[in-house]
Amino acid sequence: MRSLEGVKVRIKCLGCRTNIYEAEAIADCFRNEGAIIADGSEFDVGVLVSCAVTKTAEKKCRQALRRMQRKSPRAMTVLCGCYVQGRPDEDLLELGADLYVGNRLKAELTNIVASMIKGGIRKPLILKTDVLHDERWDPLRLSKVSFHTRSFVKVQDGCDSFCSYCIVPFLRGRPTSRDMQEVIDEVERLVNQGCKEVVLTGVHLGLYGSGCDFDLGDLVKSLTKIKGLKRLRFGSIEPLALDDKLLRLLAESEIFCRHLHIPLQSGDDGILDLMKRGYRAKDFADIIENVRRHLGDDVHVSTDIIVGFPGEGERAFENTLTLIDNLGIGRVHVFPFSPRKGTKAYTMPERLDKRELESRIDRAINLGRNFCKGLLVGGWDKGLKSWLNIAMEQELKVFQGITWKWRLT
């Protein structure tokens, strides 16, 4: 008999695409031990895959955990992921969960839950490792998609860029890559289960293969050969990872969807330097030009920007908006600066007051609105063509609750 036969497990995921993959894989682990993945209000075990990239994300994690505890007061509750990794044990224990599991240990979760149910392990339990000095790969695997029609496949974890505002390297650890053959085998399993589209994810996807004898381009080339895989995408990729070899292989792939999400963060050289991004505004513009040279003018490029970084004056903010406008970026994710203790930016002076921060956020969002409006009245220019390319047979949430749905015939 399997260790969790008939146990009802509810899994909730917050945060990035890498978290979504991990939630799917955790569900797979529970299912393989006989558990039932519950989608209703009744469950025996509740698992929350957490995010801690901003203060708001941490607040949402606490709220989601409390809701889970209220819905099923007698259920075992499990908190795992970045929130656990970044908080001291005494703070975690105040949340009242039964099990706390940090990053790179999620594959252990199923066995621990089974032991707790049998009374072999006392509650509460906190399980963490020093991710900055632990290079292990968390061996989560996926054979079936539970929560989404497309499949996210995690191939990379960790980051050593240490941008001055970013807490992620301290939560996820240094870069590590999944064995390429293991990725190929997993994608083949998913395709055999009926999955037609795969999105490759990682904390810093461009570092896939760092220190190994393979790289992201090699993986794309291999996945393109899998019979039955119709679409291949990237979740997000840093600009400096887009070298000529990778772009050439993407252009040669018949299944790679012409969309790249490339984080900018700022279009001002002074702010980019404070952020420790490793490039200047012109470098970013040159990279986008090179992307279009390889993938065509109809490639859709989306990006992230941080508004209100310490020291960002009006001119610096205008430089960001101007660069986005000049490059014809199709979608902009706007994030307010969130000071994260332990990062270099945490103690930087010259932060914006709340009113000015909100004003700039609105202006950045309106830039996206105006761009979309221009596309709809401007006809079949390169931006509209690229939007239709990536929107085929799916919904695109383009800004603040507005959803455009396109279907090509």
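Asp-28 forms a salt bridge with Arg-31 in this predicted model. A salt bridge is a side-chain nitrogen of Lys or Arg within 4 Å of a carboxyl oxygen of Asp or Glu. The closest N and O atoms of Asp-28 and Arg-31 are 2.6 Å apart. Both residues lie in helix α1, 3 residues apart, which is about one turn of the helix. An α-helix has 3.6 residues a turn, so residues three or four places apart point the same way. Asp-28 is buried, at 2% relative accessible area. Arg-31 is partly exposed, at 23%. Buried means under 20% relative accessible area, exposed means over 50%, and partly exposed lies in between (1.4 Å probe, protein chains only).

Residues are numbered from 1 along each chain as its sequence is written. Local features need pLDDT of at least 70, side-chain atom pairs count only at pLDDT 80 or more, totals for chains, interfaces and linings use all residues, and side-chain values use heavy atoms, with hydrogens and water left out.

The chain holds 14 helices and 15 strands. These elements are DSSP runs, numbered from the N terminus: helices are H or I with at least four residues, strands E with at least two. Of the 409 residues, 52% count as buried. Contacts are defined by heavy atoms within 4.5 Å. Among contacts with a separation of 6 or more, 75% come from residues 24 or more positions apart. The chain exposes about 19,300 Å², and carbon and sulfur atoms supply 47% of that area. Accessible areas come from the Shrake-Rupley method with a 1.4 Å probe; for residues, only the protein chains shown count as cover.

The whole structure contains 30 salt bridges. One of them pairs Lys-154 with Asp-157, with the closest N and O atoms 3.0 Å apart. Lys-154 is buried, with a relative accessible area of 2%. Asp-157 is also buried, at 2% relative accessibility.

Another salt bridge joins Glu-318 to Arg-363, with a closest N and O separation of 2.5 Å. This pair links distant parts of the chain. Glu-318 sits in helix α12 (residues 314-327) and Arg-363 in helix α13 (residues 354-378), 45 residues apart. Glu-318 is partly exposed, at 31% relative accessibility. Arg-363 is partly exposed as well, at 27%. Salt bridges with shared partners join Glu-312, Glu-314, Glu-318, Glu-356, Arg-360 and Arg-363 into one network.

A positive surface patch is made up of Lys-12, Arg-66, Arg-67, Arg-70 and Lys-71. Patches are made of residues with over 30% relative accessible area and no salt bridge; like charges are joined within 9 Å, and nonpolar side chains (Val, Leu, Ile, Met, Phe, Trp, Tyr) within 5 Å. Lys and Arg count as positive and Asp and Glu as negative, while His and the chain ends are not counted. The place of a charge is NZ of Lys, CZ of Arg, CG of Asp or CD of Glu. Helix α2 (residues 55-71) gives the most to the positive patch, with 4 residues. Arg-66 lies in this helix. Its relative accessible area is 39%, making Arg-66 partly exposed.

Cys-16 occupies the loop between β1 (8-13) and α1 (17-32). Cys-16 is partly exposed, at 41% relative accessible area. The C-alpha atoms of Cys-16 and Val-53 are separated by 9.4 Å, although the two residues are 37 residues apart along the chain.

Helix α5 (residues 109-117) has Leu-109, Thr-110, Ile-112, Val-113, Ala-114 and Met-116 buried. Their cover includes α1, β3 (45-50), β4 (76-81), β5 (99-101) and β6 (125-127). Just after α5, Gly-119 takes a positive phi of about 85°. A cis peptide bond joins Lys-123 and Pro-124, with omega about -5°. Pro-124 belongs to the loop between α5 and β6.

Positive phi values also occur in residues other than glycine. Lys-276 has phi near 60°. Lys-276 lies in the loop between α10 (269-275) and α11 (281-295), and is partly exposed, at 46% relative accessible area. Glu-350 has phi near 65°. The loop between β13 (331-336) and α13 holds Glu-350. At 62% relative accessibility, Glu-350 counts as exposed.
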